[in-house]
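The sequence and structure come first.

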Amino acid sequence: MEIGVDILKSKEQQMLEDKKQLNHYGYAQELLRDMGGFSNFAISFSIISILTGAVSLYGYGLMYGGPGMMGYGWTIVAFFVLLVSASLAELASAIPTAGALYHWSAALMGTRIGWYTAWINLIGQIGIVAGIDYSVALFADPLLGGIFNYSSTDTTILIVFGVVLLLHGILNHVGIKIVAKLNDFSAWYHMAVVAILVVSLAFFTKHGLQPIDYLFHIGKTFTDKPYALAFLIGLLQAQWTFTGFDASAHTIEETVHPRVRAPWGIFNSVAFSFVFGFIMLAFVTLSIHNANGAVHSDNAFIYVISQALGGTFGNIVLWLVTFAMFFCGLSSITSFSRMMYAFSRDNGMPFSKQWAEISRKYRTPAKAIWLSVILSFVLAFIDYVAKKINPNFSYSTIAFLTAVSVVGLYVAYGIPIFLKLRAESKGYFKPKHYGPWSLGKWSRPINVLSLLWIVFICVVMVIPPNQMAGYAIVGMFILLFIMDVAHYKYHFKGPQAALEKSVEEIKRLEGEFEHIIHGNDSDQNFSQ
């Protein structure tokens, strides 16, 4: 009993310390701080969801890169994303607020760049929520069609998509305790389903498995593009899978001992996803005996599993995968709404007061949750209408949504990493400003490699056939610029911890940045 009391006291003391640290940034502890280290890891692991990205875009990767996309493409992308996640983990440890990318950028250079970072992140978040829940619909709708004897169409998929978003909104509204428990369950569930899938394919595949070198077979594409270009385009499968791991930072104000647990949540979610994802993709790919049939089917993953395991057993496995996607979407709404809440409490959005409001009963950002749901549905609905107007569009809805989310999120990831390097070169960010989670002497080279990869992948993600995603993102950026110069340039004050000071004062005061990192009632502008 004494041990239990000591543990309880220790947790209470840690939560009091966490609350004080948040207060130093000018924020009250409004959200319920109840997440442990595993829950923080679980939300990012669930959003990455190898059973969503790697599965829903399996046919896309196979069509462009052939089986080698699963062996080489997955590994290459995972390596560079690990570097990106480590770079972001450092910043989460240094500046532990729910604003995350936005707040880091504002602290490192100024409120205006912080505002742009927040909005670019919002664009990516809209895309990732829409992409995940649309993936649920892509799998659930044909499975439901088989049960209720109807044909799956774009319209029925959109309806299922709307229902899934509605359920996720309700669950997130009800409370963080329920979502945290579901996220914990989701992490274990993902691992269990991968294990079931792997064991099933290893021992019960009808026609046996291909030799292991099939997984690394390159040179085969099912498109009219040169293989090198096709392979790069196919990287969208892996790159979209490894998105959303910043959720551990967005829920940092709900995590106990956040400066250590949140960074590990960010990094470990990517590392574990790489390992489990590689094992899963290996067995799925080695079970293929008609790659051409899979590529030209309505859903390559469903085709492969059905051919390998048969009708009834295959459908059971596919339902297990679909539920994993459902959990992934639930976590993504949690992350999106927390980011929106943090930005709105700093008056960075139209009608910010509404989106920053906390439900008194559930202590969740209820209105931000429902705005997340609405915006995600609107993005998919616009694509649905566009395809009705012009049925000849060659791109797929899921490729459009995922490409938008990849570019939006990774640009937002890259901005604070670049600003941190800039601040270090100017002497504003010093070793003493790091949190307890740090890369040490490897920080700079890892940051640089992360930025190079982000620039490279953002270009690759918008080349044909994904040019529509590029057009959509450019349009959104133009709208942001108009909003900025028309209003927010003059009225946005930035993080509430801000104390307006001139650049000359900041340069003159040597210890100013330390106050930002370790807590101060001021918001520093480190721009020139």
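## Aromatic pairs

There are 38 aromatic pairs, where rings of Phe, Tyr and Trp (its six-membered ring) pair if their centres lie within 6.5 Å, and planes under 30 degrees apart count as stacked, over 60 as edge-to-face and the rest as tilted. In the pair formed by Phe79 and Phe80, the ring centres are 5.1 Å apart and the planes stand at 80°, so the arrangement is edge-to-face. Phe79 is partly exposed, at 48% relative accessibility, and Phe80 is also partly exposed, at 22%. Here buried means under 20% relative accessible area, exposed over 50%, and partly exposed in between (1.4 Å probe, protein chains only).

The model is predicted: local features need pLDDT of at least 70, side-chain atom pairs count only at pLDDT 80 or more, and totals for chains, interfaces and linings use all residues. Residues are numbered from 1 along each chain as its sequence is written, and side-chain values use heavy atoms, with hydrogens and water left out.

## Further ring contacts

Trp264 and Phe267 form an edge-to-face pair, 6.3 Å centre to centre with 75° between the planes. These two residues are 3 apart in helix α13 (residues 258-286), so about one helical turn separates them. Helices (H or I, at least four residues) and strands (E, at least two) are DSSP runs, numbered from the N terminus. An α-helix has 3.6 residues a turn, so residues three or four places apart point the same way. Trp264 is partly exposed at 40%, as is Phe267 at 23%.

Ring pairs also link Tyr102, Trp115, Tyr116, Trp119, Phe343, Tyr488 and Phe492 into a cluster. Two lysines sit over rings, a charge being counted if NZ of Lys or CZ of Arg is within 6 Å of the ring centre and within 35 degrees of the ring normal. Lys220 lies over the face of Phe222, 5.0 Å from the ring centre, and the charged end of Lys420 sits over the ring of Phe429 at 5.9 Å from its centre.

## Nonpolar cores

A nonpolar core is a set of buried Ala, Val, Leu, Ile, Met, Phe, Trp, Tyr and Cys residues joined through side-chain atoms within 4.5 Å. The largest has 157 residues, of which Tyr58, Phe245, Phe301, Phe343 and Tyr410 touch the most other members. Helix α7 (residues 111-148) gives the most to this core, with 18 residues.

Setting aside residues up to four places away in sequence, Tyr410 touches Val81, Val84, Gln239, Phe242, Thr243, Phe245, Ile454 and Cys458; contact means heavy atoms within 4.5 Å. A second, separate core of 5 residues includes Phe41, Ala42, Ala187 and Met191.

## His250

His250 is found in helix α12 (residues 247-250) and is buried, at 0% relative accessibility. Its side chain makes a polar contact of 3.5 Å with that of Asn121. Such a contact is a pair of N or O atoms within 3.5 Å; within protein, one must be able to donate a hydrogen and the other to accept it, and residues adjacent in sequence count only if both atoms are side-chain atoms. Beyond four places in sequence, the contacts of His250 include Gln125, Ser335, Arg338 and Met339.

## Helix α15 and cysteines

Helix α15 (residues 300-309) has 7 of its 10 residues buried, so the rest of the structure largely encloses it. Asn299 caps its N-terminal end, with a side-chain oxygen 3.2 Å from the backbone nitrogen of Phe301. Gly310 follows α15 and has a positive phi, near 90°.

The count of disulfides (pairs of cysteine sulfur atoms within 2.5 Å) is 0. Cys328 is buried at 0%, and Cys458 is buried at 12%.
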